[in-house]
Amino acid sequence: MASGHRLLLENARQVVLVCARGERFLARDALRSLAVLEGASLVVGTDGLIKAIGPADAIQKQFSGETFEERIDCSGKCILPGLVDAHTHPVWAGERVHEFAMKLAGATYMEIHQAGGGINFTVEHTRQASEEELFISLQQRLQCMMRAGTTLVECKSGYGLSLDTELKMLRVIERARRELDIGISATYCGAHSVPKGKTATEATDDIISNHLPKLKELGRSGEIHVDSIDVFCEKGVFDLDSTRRILQNGKDIGLQINFHGDELHPMKAAELGAELGAQAISHLEEVSDEGIAAMATAGCSAVLLPTTAYMLRLKQPRARKMLDEGVIVALGSDFNPNAYCFSMPVVMHLACVNMRMSMPEALAAATINAAYALGKSHTHGSLEVGKQGDLIIISSSRWEHLIYQFGGHHELIEYVIAKGKVIYKK
């Protein structure tokens, strides 16, 4: 007999809905307090979608005769939406722990890059790795993210630079999307660096004439599903003009624009993104006041990466100014060989301490706003009826402990649930 519902979470001390009115993102005053229910229960159906949320006694009455595949007593615990990591580079081979030592000794990101380290080092190793090796390491990394509460993650290519290796990376991401429980949004980042032996203009032409037509073809045939296009718009990498050409061509084949901008030098990347209708721009440590205003007007989200500024000792992105101006602020771990962090709770903590965000702002940035940055906030990022049943249960009486306990997520997170199915239990 088919059971009526998949999951009943009973009697939670707090259920953090984040949104309660179908908002696609939260900005300005809406961030002052998040929607939270006390003493509530939640039901996920067999289709993996949330069926009901409300006071525990009302839910008990409504579902009194129903059957559930699983029931979890959440007394004294908190339920939150699964965390959304809006920016990662999780497919690569070749450790760069030696570069961390160089950075600690004072070498800059671009100095290491120009000495053949950085992205170029990873590209060499990723080109040599087999598809199977890349998949196994990706699977392990995604499991680490999942155990830290992430249920939806953006995964970029970008350590191939040649069409063959970029496609190899995208196939690995596609396989993970189909086989693993964690939700994945795929981003093509072939313009992550200028490959050896090419000028930026030649690399741009190659992407536009060879890479993008191939992606369009593979998308049509259903072999690879890519959501977004990314370019590292930076001095000495891709300038504003090359960035514009690549992003516009990506948009023309139906990809969302979601790119690296204004990280190490002010490039007017934010202004460009607003003009092109970008869904998201990442980094923004060096964004201009005009760029911030343009992003706010255009509804272009800012994906801030507290780990990067922290590890590279860059100036912090101006989160407070962005929030005050009404920009949709999201967060990402920037997991990659340069910023090795799996944990969105750590990212939220750093955002609060180093970027002066409040805890509600940080949680919204790691749930509904990160989902918005990926174009998925209609299905993910909050606990509302009809949305996907992705959530985490933490063993504390207040949700803020997830941010307050620096590095404490391993002890706090008891369950991670995707589509109403327990995918991790402590």
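Author: The protein chain exposes about 16200 Å², and carbon and sulfur atoms supply 48% of that; accessible areas here come from the Shrake-Rupley method with a 1.4 Å probe, and for residues only the protein chains shown count as cover. Keep in mind that this is a predicted model, so local features need pLDDT of at least 70 and side-chain atom pairs count only at pLDDT 80 or more, while totals for chains, interfaces and linings use all residues. Residues are numbered from 1 along each chain as its sequence is written, and side-chain values use heavy atoms, with hydrogens and water left out.

Now for the overall build. The C-alpha atoms fill a box of roughly 70 × 45 × 40 Å along the principal axes.

Stepping inside, 61% of the 426 residues are buried (under 20% relative accessible area; exposed is over 50%, and partly exposed is in between, with a 1.4 Å probe and protein chains only). Among contacts with a separation of 6 or more, 73% join residues 24 or more positions apart, a contact being heavy atoms within 4.5 Å.

In soluble globular proteins, nonpolar side chains tend to be buried together. Here, the largest nonpolar core has 110 residues, and Leu142 and Leu331 touch the most other members. Such a core is a set of buried Ala, Val, Leu, Ile, Met, Phe, Trp, Tyr and Cys residues joined through side-chain atoms within 4.5 Å. Helix α13 (residues 344-354) gives the most to this core, with seven residues. A second, separate core of 17 residues includes Ala12, Ala40, Leu391 and Ile393.

Let's stay with α13 for a moment. Nine of its 11 residues are buried, among them Met344, Val347, Leu350 and Cys352. At its N-terminal end sits a cap, serine 343, with a side-chain oxygen 3.1 Å from the backbone nitrogen of valine 346. After α13 comes arginine 356, whose phi is positive, near 60°.

Back to Leu142: not counting residues up to four places away in sequence, leucine 142 touches Val153, Cys155, Ala176, Leu180, Ile182 and Ile184. That brings up the cysteines. There are zero disulfides in the structure, a disulfide being a pair of cysteine sulfur atoms within 2.5 Å. Cysteine 155 is in none, and the nearest cysteine sulfur, in cysteine 189, is 12 Å away. Cysteine 155 is buried, at 0% relative accessible area.

Some covered spots lie in other helices. Threonine 243, in helix α8 (residues 240-252), has 0% relative accessibility. Leaving aside neighbours within four places, threonine 243 is in contact with Val231, Cys233, Phe238, Phe259 and Leu272. In α4 (residues 118-128), the buried residues include Ile119, Asn120 and Val123. The buried residues of α4 pack against α2 (97-104), α3 (109-114), α5 (131-147) and α6 (163-179).

Lysine 387 counts as buried, at 5% relative accessibility. A polar atom of its side chain lies 2.9 Å from the backbone oxygen of serine 377. Beyond neighbours within four places, the contacts of lysine 387 include Gly48, Ile50, Ile368 and His378.

Terms used: Helix = DSSP H or I, 4+ residues; strand = E, 2+ residues; numbered from the N terminus. Polar contact = N/O pair within 3.5 Å; in protein donor to acceptor, adjacent residues only side chain to side chain.
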